[in-house]
Amino acid sequence: MRYVEALPCAALAPYVRCYWAMETSGPLPGPHRVLPDGCLDILVDLSDGVRPRVVGAMRTAAVVPLTAPTSIVAVRFRPGGAQPFLRLPLQELTDAQV
C-alpha cells in the first residue's frame with residue numbers, strides 16, 4: 001500500500017488540510033482504519049472508472065475494507081473548510097457518504 005499527502009497552496013490553506021492519494025496492489029495489508037478528525041473529504045476512486053464521492057465528517061471510527069487494486073485521489077478539507085465550495089449545510093453530510 002502506498003499513501004502520500006501534499007499540502008495545499010497558501011491561498012487554499014485556510015480551507016484545505018491536504019491532498020492525499022492511496023494505491024494498493026498485490027496482497028493487501030488488511031482493512032484500513034480511519035479515525036474521526038472533523039474533516040470532510042472529496043474522494044475520486046480511479047480503481048474502476050471514475051467514481052467521486054463526498055465523505056462527511058465522521059463521529060466514530062470506521063474500518064474500510066480495501067480491494068486490490070485501489071487507486072484513490074482526494075482533498076481533505078479543514079473542519080468547516082468545504083462550506084464555500086459545497087454551498088450546503090455541512091452537518092447534512094456528517095457521517096454520510098454521497
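Is Glu23 buried, exposed or partly exposed? In this predicted model, Glu23 comes out as partly exposed, with a relative accessible area of 40%. That sits between the cut-offs, since buried means under 20% and exposed means over 50%. The close-ups below start with this residue and go on from there.

**View 1. Glu23 pairs up with Arg2.** The two side chains meet in a salt bridge, at 3.5 Å from N to O. This pair links distant parts of the chain, with Glu23 in strand β2 and Arg2 in strand β1 (residues 2-6), 21 residues apart. Side chains of opposite charge can pair when their charged atoms come close. The structure holds six salt bridges, and two others get their own views below.

**View 2. Arg76 reaches Glu5.** Here the salt bridge spans 3.7 Å, N to O. Once again distant parts of the chain are linked: Arg76 belongs to strand β7 and Glu5 to strand β1, 71 residues apart. Arg76 counts as buried, at 14% relative accessibility, while Glu5 is partly exposed at 49%.

**View 3. Asp95 meets Arg59.** Look for a salt bridge of 2.6 Å, N to O, between these side chains. Asp95 lies in the segment after α1 (83-86) and Arg59 in the loop between β5 and β6, so the pair ties together parts that are 36 residues apart in sequence. Asp95 is partly exposed, at 41% relative accessible area, and Arg59 is exposed, at 63%. Elsewhere, salt bridges with shared partners join Glu5, Asp37, Asp41 and Arg76 into one network.

**View 4. Asp45 has two polar partners on show here, Ser47 and Arg51.** Asp45 is part of strand β4 (residues 41-45). With a relative accessible area of 11%, Asp45 is buried, because that value is under 20%. Its side chain makes a polar contact of 2.7 Å with the side chain of Ser47 and one of 2.9 Å with that of Arg51. Setting aside neighbours within four places in sequence, Asp45 touches Val50, Arg51, Ser71 and Ile72.

**View 5. Here is the largest pocket, with about 740 Å³ of space.** Its lining is made up of 31 residues, and Trp20, Val34, Leu43, Arg53 and Val64 lie nearest the centre. Strands β2 (16-24), β3 (32-34), β4, β5 (51-55), β6 (62-64) and β7 (70-77) each give two or more residues to the lining. What kinds of residue make up the lining? They divide into 17 nonpolar, six polar and eight charged.

Terms used
Residues are numbered from 1 along each chain as its sequence is written. This is a predicted model: local features need pLDDT of at least 70, side-chain atom pairs count only at pLDDT 80 or more; totals for chains, interfaces and linings use all residues. Side-chain values use heavy atoms; hydrogens and water are left out. Helices (H or I, at least four residues) and strands (E, at least two) are DSSP runs, numbered from the N terminus. Buried means under 20% relative accessible area, exposed over 50%, partly exposed in between (1.4 Å probe, protein chains only). A polar contact is a pair of N or O atoms within 3.5 Å; within protein, one must be able to donate a hydrogen and the other to accept it, and residues adjacent in sequence count only if both atoms are side-chain atoms. Contact means heavy atoms within 4.5 Å. On a 1 Å grid over the protein atoms alone, a cavity is a set of points where a 1.4 Å probe fits but cannot get out, and a pocket is an open set with protein on both sides within 12 Å along at least five of seven lines; lining residues have an atom within 4 Å of a point. Grid points are joined across faces, edges and corners, and a volume is the space filled by probe spheres set on the points. Ala, Val, Leu, Ile, Met, Phe, Trp, Tyr, Cys and Pro count as nonpolar, Asp, Glu, Lys and Arg as charged, and the others, Gly among them, as polar. A salt bridge is a side-chain nitrogen of Lys or Arg within 4 Å of a carboxyl oxygen of Asp or Glu.
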